[in-house]
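Biologist: I'd like to learn how to read a model like this one. Could we go through it feature by feature, starting with the charged side chains?

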Amino acid sequence: MSRIRIALAVSVVLNLFLSGALAAGLVSLRTGGPMINAGSLRVAGAELPSAERRPFRMALRDARRSMRPTIVASRAAKAEAAALLRQPNVDQAAVNAALDRARVADIAVRAAVERRAVAYAATLPLADRATLAAAMTRRAERAPPAAE
């Protein structure tokens with residue numbers, strides 16, 4: 001009889017957990033909040049009218065897709081830096097060089113995506129561009145200050 005009670009208790013706890021996860025997912029979908037940890041332009045684009053939101057995201061996705069080799073190079077440089085850090089004797093210059101290559105690649109990807117976002121935004125009506133600019137401004141104001 002005690003095994004049945006334990007199984008029932010586990011089932012109740014599991015069902016409560018799953019119900020809570022489902023409710024949280026539904027709330028998240030209904031609020032339609034912007035993506036967390038996305039680029040500021042992508043987040044700002046979430047405030048565009050629905051007719052413009054999807055094409056804007058697609059333009060950013062196409063820009064990232066076109067930069068795929070650069071993204072792969074960045075990941076490879078980061079993996080190289082990690083492998084170098086695992087060595088018994090750390091070659092600091094080599095680790096820094098690998099991280100420098102990754103940073104340059106990351107900046108190139110960001111620049112390409114931002115250029116594509118600006119090109120797309122230039123095709124929008126003034127009101128939509130103002131919405132995008134206001135969202136970018138709010139995001140910039142919320143950003144933590146740079147370390148000194």
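Modeller: Lys78 and Asp106 form a salt bridge, with their closest N and O atoms 3.1 Å apart. Lys78 sits in helix α4 (residues 68-85) and Asp106 in helix α5, so this pair ties together parts that are 28 residues apart in sequence. Keep in mind that the model is predicted.

Biologist: What is the general idea behind such pairs?

Modeller: Side chains of opposite charge can pair when their charged atoms come close. Here the count comes to five salt bridges.

Biologist: Which side chain meets Arg101 in a salt bridge?

Modeller: That's Glu80, at 2.4 Å from N to O. Arg101 belongs to helix α5 and Glu80 to helix α4, so the pair ties together parts that are 21 residues apart in sequence.

Biologist: How do I judge whether residues like these are buried or exposed?

Modeller: Look at relative accessible area: under 20% is buried, over 50% is exposed, and partly exposed is in between. Lys78, at 40%, is partly exposed, and Asp106 is partly exposed too, at 33%. Arg101 comes out as partly exposed at 41%, and Glu80 as partly exposed at 35%.

Biologist: How many residues apart are Arg110 and Glu114 in helix α5?

Modeller: They are four residues apart, which means about one helical turn separates them. Their side chains meet in a salt bridge, 2.7 Å from N to O. Arg110 is exposed, with a relative accessible area of 55%, while Glu114 is partly exposed at 30%.

Biologist: Let's step back. How many helices and strands does the protein chain have?

Modeller: Six helices and zero strands. The chain has 148 residues, of which 20% count as buried.

Biologist: Which residues of α3 are buried?

Modeller: Phe56, Ala59, Leu60 and Ala63. Viewed down the axis of α3, these buried residues fall within an arc of 95°, so they line one face of the helix. On the other side, Ser50, Ala51, Arg54 and Arg65 are exposed.

Biologist: And what should I expect of buried nonpolar side chains?

Modeller: In soluble globular proteins, nonpolar side chains tend to be buried together. In this model, the largest nonpolar core has 17 residues, and Phe56 and Leu132 touch the most other members. The elements giving two or more residues to this core are α3, α5 (92-121) and α6 (126-142). Helix α5 gives the most, with six residues. The buried residues of α5 include Val95, Val109, Val113 and Tyr120.

Biologist: Which residues form a nonpolar patch on the surface?

Modeller: Leu8, Val12 and Leu16 do, with about 300 Å² of accessible area together. Val12 is found in helix α1 (residues 2-31), and at 43% relative accessibility Val12 counts as partly exposed.

Conventions:
Residues numbered from 1 in each chain as written. Predicted model: local features only at pLDDT ≥ 70, side-chain atom pairs only at ≥ 80, totals over all residues. Heavy atoms only, no water. Buried < 20%, exposed > 50% of the residue type's maximum accessible area, 1.4 Å probe, protein only. Arc of directions from axis to C-beta. Core = buried A, V, L, I, M, F, W, Y, C linked by side-chain atoms within 4.5 Å. Patch = residues over 30% accessible without salt bridge, like charges linked within 9 Å, V, L, I, M, F, W, Y side chains within 5 Å. Areas by Shrake-Rupley, 256 points an atom, 1.4 Å probe, with all protein chains shown as cover. Salt bridge = Lys/Arg side-chain N within 4 Å of Asp/Glu carboxyl O.
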